[in-house]
Amino acid sequence: MRRGRPRPGVLAGVATVALLALTACGSDTDGHASAGDGEDTLRMSVDENAFRAEPDIAGVTSMSLDARFDKVEDSDRARVLAPGVDLRITGVARLDTLDVDVYADLGGNAPSVNDEGEPIEEVYPAEGQAFFAVEYSSDDPQWEPRGDIPDSVASVVINGNDVAEVFSTADGTMQRGTIVASLPADSAPDAAVLEVETAGKFQSLSLLNGKRVNSDVEHIYDVVDRRVEIGKAEEFEETFTGWAGGTERIAGSVVDAFATPWLDRGNGGDGWAGPGKTYLSVEVDWVDISGADDDESTVHLELDNGKTVQPDNDPSSLVNAFDDNAVFQIPATTQHVTVVVTPRVKVGAGSGAKVHKWDPVKAELTIAK
């Protein structure tokens with residue numbers, strides 16, 4: 001369930017002592033104070049007639065900002081991943097003031113002139129607060145299988161309150177933008193976040209330092225970007241006498257596989273893999289069997305620890321035991337598995353039906369970075 005959302009552009013308070021340490025002390029040459037200057041510098045520099053912003057205002061702006069952004073170092077801890085989402089906070093800046101047009105773009109209301117009748121061009125933060133600008137980007141990580149992706153929604157969340165929607169993958173997977181917020185300077189990094197919800201699971205990046213501070217599916221970062229390599233894959237081919245008396249052929253082998261933390265039901269999964277697990281989707285190239293004969297061939301996995309894993313789905317159709325990929329859930333740390341296909345055909349119906357069985361066919365898979 002989505003959290004209740006106040007009107008767009010207004011935060012419900014909080015955020016950012018950690019961000020104050022993100023940038024260097026002192027002020028830069030164009031007059032913008034760096035994060036280390038502190039509230040005292042702002043207090044001394046603001047004229048009593050200056051216009052101050054409403055407290056806790058925030059939102060997304062497409063307007064240009066006169067700001068020097070400090071780059072957030074790229075790392076696995078500074079990203080949120082989901083189907084269609086590879087979200088990163090790329091830069092953070094502290095601003096002494098906002099252009100009045102930017103302030104209006106965030107939903108703030110400012111008079112055209114101050115108490116002395118002078119035009120208002122700049123807006124100062126509310127008492128005890130500072131303006132922060134956060135640049136973000138997101139792209140499709142291209143998880144297999146390519147195709148439909150679930151709707152993920154990214155929102156600004158302050159102290160657990162869902163404040164404003166930033167973007168949705170329903171509008172596309174390439175997302176770029178800038179969040180501007182006026183925040184108190186006394187909060188922990190997880191107090192102000194950019195949060196992504198995908199199928200009821202939440203993950204978030206701190207607006208203060210760009211690092212991942214929460215993930216309901218933290219185990220997925222052990223399996224993303226891992227490839228599946230097929231080592232020795234046995235091929236199978238035999239003939240048998242069919243129900244009509246003619247010679248029928250049964251044949252096939254394992255030809256492909258991929259690992260992914262997410263699969264929708266149309267591809268044999270059920271959304272996110274279980275805690276500490278990943279999906280392994282295995283493609284078996286298998287011949288069609290005449291509708292008068294039943295292909296009862298099965299597939300399972302053998303793990304290195306000797307455990308057997310059965311598929312979560314039924315990959316068969318009326319004429320092919322492996323018309324769809326067979327999908328398994330395995331421990332996220334798994335590196336080697338053996339796929340075991342057991343060929344079996346039943347000819348005819350009833351208690352007198354002839355059953356043909358053959359030795360299992362195996363394929364060795366390696367799951368690696």
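I started with Arg52. The model is predicted. Arg52 has a relative accessible area of 23%, so I put it down as partly exposed. I then looked for a partner. Arg52 makes a salt bridge with Glu127, and the closest N and O atoms are 3.3 Å apart. This pair ties together distant parts of the chain, 75 residues apart. Arg52 sits in the loop between α2 (38–45) and β1 (58–61), while Glu127 sits in the loop between β6 and β7 (129–138). Glu127 reaches 54% relative accessibility, so it counts as exposed.

How many salt bridges are there in the whole structure? My search of the whole structure gave 15.

**Arg79 and its partners**

Next I checked Arg79. Its relative accessible area is 9%. The limit for buried is under 20%, so Arg79 counts as buried. I found Arg79 in a salt bridge with Asp86, at 3.0 Å from N to O. Asp86 is buried too, with a relative accessible area of 12%. Arg79 also forms a salt bridge with Asp76, where the closest N and O atoms are 3.5 Å apart. Is Asp76 buried or exposed? I noted a relative accessible area of 54%, so Asp76 is exposed.

I followed the shared partners from Arg79 and Asp86. Salt bridges join Asp74, Asp76, Arg79, Asp86, Arg88 and Asp225 into one network.

**A negative patch**

Asp47, Glu48, Asp115, Glu116 and Glu118 form a negative surface patch. Glu118 lies in the loop between α3 (100–105) and β6 (122–123). Its relative accessible area is 41%, so Glu118 is partly exposed. Patch members must have over 30% relative accessible area and no salt bridge, so the 41% of Glu118 clears the area cut-off.

**Asn114**

I looked up Asn114 in the loop between α3 and β6. Is Asn114 buried or exposed? Its relative accessible area is 15%, so Asn114 is buried. What does Asn114 touch, apart from neighbours within four places in sequence? I found contacts with Asn49 and Ile120. I also checked the distance to Phe51. The two C-alpha atoms are 6.9 Å apart, although Asn114 and Phe51 are 63 residues apart in sequence.

**Ala181**

I went on to strand β10 (residues 175–184), which holds Ala181. Ala181 has 5% relative accessibility, so it counts as buried.

**The whole chain**

Last, I took the totals. The protein chain has three helices and 27 strands. Of its 369 residues, 49% count as buried. I then checked contacts between residues at least 6 apart in sequence, and 70% of them join residues at least 24 apart. The chain exposes about 17600 Å², and carbon and sulfur atoms supply 45% of that area.

Notes. Residues are numbered from 1 along each chain as its sequence is written. This is a predicted model: local features need pLDDT of at least 70, side-chain atom pairs count only at pLDDT 80 or more; totals for chains, interfaces and linings use all residues. Side-chain values use heavy atoms; hydrogens and water are left out. Patches are made of residues with over 30% relative accessible area and no salt bridge: like charges are joined within 9 Å, nonpolar side chains (Val, Leu, Ile, Met, Phe, Trp, Tyr) within 5 Å. Accessible areas come from the Shrake-Rupley method with a 1.4 Å probe; for residues, only the protein chains shown count as cover. A salt bridge is a side-chain nitrogen of Lys or Arg within 4 Å of a carboxyl oxygen of Asp or Glu. Lys and Arg count as positive and Asp and Glu as negative; His and the chain ends are not counted. The place of a charge is taken as NZ of Lys, CZ of Arg, CG of Asp or CD of Glu. Helices (H or I, at least four residues) and strands (E, at least two) are DSSP runs, numbered from the N terminus. Buried means under 20% relative accessible area, exposed over 50%, partly exposed in between (1.4 Å probe, protein chains only). Contact means heavy atoms within 4.5 Å.
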